[in-house]
Amino acid sequence: MKVMKITLALFMCLLLLPGCKQGEKETRVLKLAHGLSPTHSVHQGLEFMNKRLVDLSGGKMLLDIYPSSQLGSESQCIELLQIGSLDITKVSSASLEGFVDLFKVFGLPHLLESREQYFNVLDGPIGQELLTLTEPYWFRGLTYFDAGARSFYTTNRPIRKPEDLKGLKIRVQQSPIAMEMMVAFGGSAAPVDWGELYTALQSNVVDGAENNAPSITTAFHHEVARYFTVNEHTMCPDVIIISTTTWEKLTEQEKNGYNRLHPKQLCINVNYGNNRKENLYRKSKKKESKLSTLINNLSLMQLNR
């Protein structure tokens with residue numbers, strides 16, 4: 001008799017359980033990984049994106065963010081997206097050149113005349129079409145992040161004119177167009193992994209690198225690099241990409257939530273990046289800093305334009 005009562009009680013629980021689930025607010029959690037420090041402006045932008053996503057979805061969607069290459073490098077995160085083991089990642093447009101040739105355009109030096117033109121391209125039909133072109137490779141773009149303009153920084157010798165790059169080994173992204181650019185500038189391209197760059201600069205394996213101001217400070221490269229030349233030769237955006245496996249699981253309402261993130265997201269990330277740039281300039285002016293920021297003389301330097 002007791003066995004029958006227990007069995008009946010369990011049966012009733014099973015009948016009532018689906019109804020209880022339907023009344024609960026289900027939250028879709030998507031895993032996002034990237035290679036930058038939690039103090040980087042891009043990570044702060046991602047945290048803002050998460051808050052905005054929660055607001056837009058009424059708490060039904062959120063991001064679980066893994067910074068500092070916890071789940072692998074950019075190329076490894078792309079592979080995880082392709083097999084459906086990771087939902088979202090942040091990559092440089094340079095990392096997408098091997099999938100879609102059109103992304104190489106962002107790596108051409110001095111192509112865009114102003115930041116306004118840069119943002120118009122990203123927000124316009126060209127930028128939005130680019131986001132969809134990687135779908136045959138099992139991921140697609142969601143939105144762009146402003147990654148600032150890339151400039152040169154060196155350890156032992158300042159770059160005061162284009163000829164100063166001759167003979168220098170400069171770290172560039174693992175991008176054919178970036179390596180060709182350095183050869184055209186007269187330097188030697190060294191595609192060192194980002195996580196190994198501090199040691200490479202410190203031990204003189206490379207003579208310098210090129211990147212945006214926030215990346216220099218958050219990776220502490222200003223501790224080992226003495227000169228920062230603000231020539232701003234390229235503006236390569238970061239791209240937030242999502243696995244098509246994940247994208248196809250989203251409802252239309254959820255997809256619209258991600259699509260609505262774009263315009264405001266770009267603006268907030270610009271502000272974070274500008275704050276980091278100002279922070280670098282402040283650090284370079286401190287007496288104990290080894291970094292000299294060559295702004296006045298070279299901010300308009302055009303290399304082989």
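A residue counts as partly exposed when its relative accessible area falls between the 20% under which it would be buried and the 50% over which it would be exposed. Lys169 has a relative accessible area of 36%, so partly exposed is the label for Lys169. Keep in mind throughout that this is a predicted model.

Lys169 sits in strand E6, which covers residues 169–171. What does Lys169 touch once its neighbours within four places in sequence are set aside? The contacts are Ser188, Ala190, Val205, Val206, Asp207 and Gly208. There's also a C-alpha separation to look at here: Lys169 and Gly187 are 18 residues apart along the chain, with 6.1 Å between their C-alpha atoms.

Average pLDDT for the protein is 82, and 77% of the residues reach at least 70. Residues 10–23 are another story, with pLDDT below 50 and, beyond near neighbours in sequence, 1 contact in the model. Residues 295–305 also stay under 50, but for that stretch the model has 30 contacts beyond four places in sequence.

## Aromatic rings

The count of aromatic pairs comes to 5. One of them joins Phe99 and Phe139, with 5.1 Å between the ring centres and 90° between the planes. Anything over 60 degrees counts as edge-to-face, so that's the class this pair falls into. The pair links distant parts of the chain, 40 residues apart: Phe99 belongs to the loop between strand E3 (88–92) and helix H4 (115–123), while Phe139 belongs to strand E4 (residues 139–145).

Are the two partners buried or exposed, or something in between? Phe99 has a relative accessible area of 23%, so it is partly exposed. Phe139, in contrast, is at 0% relative accessibility and therefore buried.

Tyr118 and Phe119 make another aromatic pair, this one tilted, with 5.1 Å centre to centre and 55° between the planes. Both of these residues are buried.

## The largest pocket

How much space lies in the largest pocket? About 710 Å³. Its lining is made up of 34 residues, and those nearest the pocket centre are Glu74, Ser95, Arg171, Gln173 and Trp194. Two elements give two or more residues to this lining, namely helix H3 (74–82) and E3. H3 has the largest share, at 5 residues.

## Enclosed space

Rolling a probe the size of a water molecule over the atoms shows where empty space is left. Here, the structure holds 2 cavities of 30 Å³ or more. The second largest cavity has a volume of about 80 Å³. It is lined by 14 residues, with Gly107, Gln173, Ala178, Thr234 and Cys236 closest to the centre. Helix H6 (residues 176–185) gives the largest share of that lining, 3 residues.

## Loops and backbone

Which residues other than glycine have a positive phi? His110 is one of them, with phi near 55°. His110 is found in the loop between E3 and H4, and its relative accessible area of 10% is under the 20% cut-off, so His110 is buried. Asn204 is another, with a positive phi of about 65°. This residue is found in the loop between helix H7 (197–202) and strand E8 (208–211). Asn204 is at 44% relative accessibility, which means that it counts as partly exposed.

Gly195 is found in the loop between strand E7 (188–190) and H7. Its relative accessible area is 66%, which is over 50%, so Gly195 is exposed. Its C-alpha atom is separated by 8.7 Å from that of Ser73, although Gly195 and Ser73 are 122 residues apart along the chain.

How values were computed. Residues are numbered from 1 along each chain as its sequence is written. This is a predicted model: local features need pLDDT of at least 70, side-chain atom pairs count only at pLDDT 80 or more; totals for chains, interfaces and linings use all residues. Side-chain values use heavy atoms; hydrogens and water are left out. Rings of Phe, Tyr and Trp (its six-membered ring) pair if their centres lie within 6.5 Å; planes under 30 degrees apart count as stacked, over 60 as edge-to-face and the rest as tilted. Helices (H or I, at least four residues) and strands (E, at least two) are DSSP runs, numbered from the N terminus. Buried means under 20% relative accessible area, exposed over 50%, partly exposed in between (1.4 Å probe, protein chains only). pLDDT is the predictor's confidence in each residue, from 0 to 100. Contact means heavy atoms within 4.5 Å. On a 1 Å grid over the protein atoms alone, a cavity is a set of points where a 1.4 Å probe fits but cannot get out, and a pocket is an open set with protein on both sides within 12 Å along at least five of seven lines; lining residues have an atom within 4 Å of a point. Grid points are joined across faces, edges and corners, and a volume is the space filled by probe spheres set on the points.
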